[in-house]
Amino acid sequence: MLKQIISLIQIGWRGRLIKIGYEDTEKELKKGKKGFLIIAEDIAERTKRNILRERNTEFYQLFTKEQLGKFIGKKEVGIIFVPLNKFGLKLKGLIAQYFELERR
């Protein structure tokens, strides 16, 4: 299941369906775009707090900054914004399934 999630993240990046990094994520949220975030497990608490401040944005903490970066050919990525479109809903469903299996 993780391979499918990684594959969708890669497809999303190649297709410019997702935004990466704090600044691009902040821009999308300020525009009022609906979506969710994938936040690296090792992101600074301050950064996480700042991006989520005053927003009711759903997020999942998954992978490390290095892993997220490697998936899309960057050094490190701490935050990914995924819009709630057909692609985003598919990715969100997979991530939710993954966490549900992990809880068992």
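**Salt bridges and a helix pair**

Visitor: What makes Lys33 count as partly exposed?
Guide: The model is a predicted one. In it, Lys33 has a relative accessibility of 41%. Buried means under 20% and exposed means over 50%, so a residue at 41%, as Lys33 is, counts as partly exposed.

Visitor: Why does Glu28 count as buried?
Guide: The relative accessibility of Glu28 is 6%. The cut-off for buried is under 20%, and Glu28 at 6% therefore counts as buried.

Visitor: How do you know that Lys33 and Glu28 meet in a salt bridge?
Guide: The distance from N to O between their side chains is 3.3 Å. A salt bridge requires such atoms to lie within 4 Å, and the pair of Lys33 and Glu28 at 3.3 Å therefore qualifies. The structure holds 5 salt bridges.

Visitor: Why are Arg103 and Glu100 said to be separated by about one helical turn?
Guide: Arg103 and Glu100 are 3 residues apart in helix H5, and this spacing is why about one helical turn separates them. Their closest N and O atoms are 3.4 Å apart, and the two residues form a salt bridge.

Visitor: Is Arg103 buried or exposed, and how do you know?
Guide: Arg103 has a relative accessible area of 66%. Exposed means over 50%, so Arg103 is exposed. Glu100, with 37%, is partly exposed.

Visitor: Why are H1 and H5 called roughly antiparallel?
Guide: Helix H1 (residues 2-14) and helix H5 (residues 86-103) pack at an angle of about 155°, and their axes are 10 Å apart. Angles over 145 degrees count as roughly antiparallel, and H1 and H5 are therefore roughly antiparallel to each other. The crossing in which H1 passes H5 is left-handed.

Visitor: Which residues make the contact between H1 and H5?
Guide: On H1 they include Leu2, Ile5, Leu8 and Ile9, and on H5 they include Phe87, Leu91, Leu94 and Tyr98. The residues of this contact divide into 10 nonpolar, 2 polar and 1 charged.

Note on methods. Residues are numbered from 1 along each chain as its sequence is written. This is a predicted model: local features need pLDDT of at least 70, side-chain atom pairs count only at pLDDT 80 or more; totals for chains, interfaces and linings use all residues. Side-chain values use heavy atoms; hydrogens and water are left out. Axes are lines fitted to C-alpha atoms, for helices over the stretch in contact, and angles run from 0 to 180 degrees between N-to-C directions. Helices (H or I, at least four residues) and strands (E, at least two) are DSSP runs, numbered from the N terminus. Angles under 35 degrees count as roughly parallel, over 145 as roughly antiparallel, 65 to 115 as roughly perpendicular and the rest as oblique. A crossing is left-handed if the near helix is turned anticlockwise from the far one by less than a right angle, and right-handed if clockwise. Contact means heavy atoms within 4.5 Å. Ala, Val, Leu, Ile, Met, Phe, Trp, Tyr, Cys and Pro count as nonpolar, Asp, Glu, Lys and Arg as charged, and the others, Gly among them, as polar. Buried means under 20% relative accessible area, exposed over 50%, partly exposed in between (1.4 Å probe, protein chains only).
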